[in-house]
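Visitor: I would like to go through this structure with you, from the overall fold down to single residues. Could we begin with the model as a whole?

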Amino acid sequence: MTANRTHSHAQWSSRLGFVLAATGSAVGLGNIWKFPYMIGQSGGAAFVLIYLLCIAMIGLPILVAEWMLGRRGQKNPINTMSELARTHKRSQAWVLVGVSGVLGAFLILSFYSVIGGWALAYVGDAIGGGFRGLDADGAGALFTGMLANPGVLLLWHTVFMALIIGVVAMGVIGGLERAAKLLMPALGVLLVILVGYGMASGGFGAALAYLFNPDWSLVTGEVVLAALGHAFFTLSLGMGIMMAYGSYLDRKVDLLRTARTVVIMDTVIAIAAGLAIFPIVFANNLDPGAGPGLIFVTLPIAFGGIAGGALLGLMFFLLLTFAALTSAISLLEPIVELVEERTPLNRRAATVVAGLATWALGIAALLSFNAWSEVLIFGLTVFDLLDQLTSKFLLPLTGLGVILFAAWCLDKESVRKELGLGAGAFSVWQAVTRFIAPAGVLIVFFSSL
Ligand code: PHE
Ligand code: NA
């Protein structure tokens, strides 16, 4: 992101810079850590197909809507909503969309950093030779050993948080995004190697059937809401993050085409992660519903079993950490901006304050896996509560607000021109954004209550 964004409203130097930033935010732990274990918890292919439908019918239009509002408002999400509401003679209540977005970012980052810490811990394990000759039992023991130790989790959560605070405070985000141009494809290559390992593992056929041959009887309102919530999470929607990015977007950039690029990259990485992980699950008779530990109890088996696996494992967890960092930074930014704007603190101090607050909440999240595993709020651990509250509640509702405003409050003709659509295509766009996507969110939401 442009280094001096708080001082002058600079613009992206190129469409590529924008795509890198947006993809850096989108592609992260959501694709590689969360998506596979959610598939496993929801019973497989039916979840995958509903998820893909949510991405196409709801995620993509909301992504475009966030960019569109950001580009028009030219400010941070809260001020953008305030400004747009004023110029379109609407209630200032729309500002709530911006506020709940920042709250969502804060809650998500707290537990996201804990999982980023897990990836870092596995970098350490790879360096220490911990994957050598690992079988399924060994991989399980390695993971449970880590979870049982709050000190270890705290150490890596702290390192992860310190890294993002450092990057944001020093304003070197642009450099990180340029590095993404190299490192993201490298992550893709590693995933392909792991898919290759899966093909040879004997579990590939079972994995394909599991991922793509749906058993619709497993679908409940809960499963559909999980798929919808994850569509928001994975595309970084419903937090005003994409709206903030859109405020730096050049007038000439084609929103629909760019959104398609970002969505395809995000989806391909997520599916590849599924294709890498589930063959190992089935070849080793592991439980697909193992939950948040799924990638950590499966992939090390591959790294333990193939030639050069130690090095591959090291590279994989480094690249996963990197992907997590670029997403985490996009989560920290709106919180920092809010603190900077509403307090006398300068940017650097605001970064530290926002980072420390998030870090502290993260400690409660990491204790959910050990000391506080019995502490339940509404029947959920702190970690699960943070996850569910954001994905199933805050993000969909905030996204609903975004799309309703974009579809009903903006001037129709100017939107049509901005999207470069003819009359026919525009009526499809209108049907989707005015009715289909909002109805989808509402129906899923209420049917799961
Ligand atoms: N989209 C990121 C991922 O899939 C997570 C994220 C969510 C980042 C929300 C920013 C905002 O890992
Ligand atoms: Na993602």
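Guide: The conversation below covers the fold, the ligand surroundings, the core and several individual residues.

Guide: Please bear in mind that this is a predicted model.

Visitor: How many helices and strands does the protein chain have?

Guide: The secondary structure of the protein chain comprises 18 helices and zero strands.

Visitor: What are the overall dimensions of the C-alpha trace along its principal axes?

Guide: The trace spans about 65 × 50 × 45 Å.

Visitor: What share of the residues count as buried?

Guide: Of the 449 residues in the protein chain, 52% count as buried. As for contacts between residues at least 6 apart in sequence, 83% join residues at least 24 apart.

Visitor: Let us turn to the ligand. Which residues come nearest to ligand 1?

Guide: There are 15 residues around ligand 1, and Gly28, Gly30, Thr234, Ser236 and Ser327 come nearest. By class, the shell has seven nonpolar and eight polar residues, with no charged residues.

Visitor: Serine 236 was on your list. Where does it lie, and what is its phi?

Guide: Serine 236 lies in the loop between H10 and helix H11 (241–246). Its phi is near 60 degrees, a positive value in a residue other than glycine.

Visitor: Why does serine 236 count as buried?

Guide: Serine 236 counts as buried because 29 C-beta neighbours lie inside 10 Å, and the cut-off is 20 or more.

Visitor: Where else is phi positive in a residue other than glycine?

Guide: Glutamine 74 also has a phi near 60 degrees. It is found in the loop between helix H3 (45–73) and helix H4 (77–87). Glutamine 74 is partly exposed, because 15 other C-beta atoms lie within 10 Å.

Visitor: And valine 27, is it buried or exposed?

Guide: Valine 27 is buried, with 27 other C-beta atoms within 10 Å. This valine is found in the loop between H1 and H2. Leaving aside residues up to four places away in sequence, valine 27 touches Met184, Met265, Asp266, Ile269 and Ala323.

Visitor: Now the core. Which members of the largest nonpolar core touch the most other members?

Guide: They are Leu63 and Leu332, in a core of 153 residues. H14 contributes the largest share of this core, 18 residues.

Visitor: What does leucine 63 touch?

Guide: Not counting residues up to four places away in sequence, leucine 63 touches Leu235, Leu237, Met242, Ala259, Val262 and Val263.

Visitor: One last topic, helix H7. What span should it have, and how far apart are its ends?

Guide: Helix H7 (residues 150–170) has 21 residues, so at 1.5 Å a residue it should span 30 Å; its end C-alpha atoms are 30 Å apart, which agrees.

Visitor: Which of its residues are buried, and what covers them?

Guide: The buried residues of H7 are Leu153, Trp156, His157, Phe160, Met161, Ile164, Ile165 and Val168. Their cover includes helix H5 (95–127), helix H8 (173–200), H14 and helix H15 (347–367).

Visitor: What follows H7?

Guide: Glycine 171 follows H7, and its phi is positive, near 65 degrees.

Terms used. Residues are numbered from 1 along each chain as its sequence is written. Chains are lettered from A and ligands numbered from 1 in the order in which they are written. This is a predicted model: local features need pLDDT of at least 70, side-chain atom pairs count only at pLDDT 80 or more; totals for chains, interfaces and linings use all residues. A residue is near a molecule or strand if its C-beta atom, placed from the backbone, lies within 6 Å of it. Ala, Val, Leu, Ile, Met, Phe, Trp, Tyr, Cys and Pro count as nonpolar, Asp, Glu, Lys and Arg as charged, and the others, Gly among them, as polar. Helices (H or I, at least four residues) and strands (E, at least two) are DSSP runs, numbered from the N terminus. A residue is buried if 20 or more other C-beta atoms lie within 10 Å of its own, exposed if 12 or fewer, and partly exposed in between; C-beta atoms are placed from the backbone. Two residues are in contact if their C-beta atoms, placed from the backbone, lie within 7 Å. A nonpolar core is a set of buried Ala, Val, Leu, Ile, Met, Phe, Trp, Tyr and Cys residues joined through C-beta atoms within 7 Å. The expected span of a helix is 1.5 Å times one less than its number of residues.
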